[in-house]
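Me: I would like to go through this model and ask what stands behind each label. Please set the values against the cut-offs.

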Amino acid sequence: MARTRVNVSALYAALDAARTKKELSWRQLAAEVGVSPSTMTRMANGNRPDVDAFLALVQWLGIPAETFMTDPEGGQQEGRAEEPELMAQLAPLLRARSDLGADDVTYLEEVIGAAMRRFASDREARSR
């Protein structure tokens, strides 16, 4: 049975991106979320937040908790299929944003798609 854990680095990166966009300090972010500043420090050092803090953080982000779940042994989580395509995950998120117009979404999809094709090509070249 796979052991599911919180991907602290992914959660911390998402918080940092949202914090930067809102022009908040880490202390201000902690206060807005309702967690202690030491929670942010522990996460910066790679330590997992407690369950209540984790829930508060993902609710503040507006991102499903499952986004930050991982199996450290590399196996699939029980009942979970192969990882979906990145664009299949990103497209609905981009289209749901009220601050992006249709042209903005199309442009972002093209840029991300081009980057993904380049990464795949680089991986393929390294594996030869």
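Me: Which residues touch the most other members of the largest nonpolar core?

Reply: Leu11, Leu15, Val35 and Leu57 do, in a core of 21 residues. A nonpolar core here is a set of buried Ala, Val, Leu, Ile, Met, Phe, Trp, Tyr and Cys residues joined through side-chain atoms within 4.5 Å. Helix H1 (8–21), helix H2 (26–33), H3 and helix H4 (51–61) each supply at least two residues of this core, and H4 gives the most, with 7 residues. Helices (H or I, at least four residues) and strands (E, at least two) are DSSP runs, numbered from the N terminus. This is a predicted model: local features need pLDDT of at least 70, side-chain atom pairs count only at pLDDT 80 or more, and totals for chains, interfaces and linings use all residues. Residues are numbered from 1 along each chain as its sequence is written, and side-chain values use heavy atoms, with hydrogens and water left out.

Me: Why is Thr39 called buried?

Reply: Its relative accessible area is 4%; buried means under 20%, exposed over 50%, and partly exposed in between (1.4 Å probe, protein chains only). Thr39 therefore counts as buried. Thr39 is placed in helix H3 (residues 37–44). Beyond its neighbours within four places in sequence, Thr39 is in contact (heavy atoms within 4.5 Å) with Pro49 and Ala53.

Me: How do you know that the buried residues of H1 line one face of the helix?

Reply: The buried residues of H1 are Val8, Leu11, Ala14, Leu15 and Arg19. Seen down the axis of H1, they fall within an arc of 135°, so they line one face; the arc is that of the directions from the helix axis to the C-beta atoms. Ser9 and Lys21, on the other side of H1, are exposed.

Me: What makes Lys22 and Glu32 a salt bridge?

Reply: Their closest N and O atoms are 3.7 Å apart. A salt bridge is a side-chain nitrogen of Lys or Arg within 4 Å of a carboxyl oxygen of Asp or Glu, so the pair qualifies. The pair links distant parts of the chain, with Lys22 in the loop between H1 and H2 and Glu32 in helix H2, 10 residues apart.
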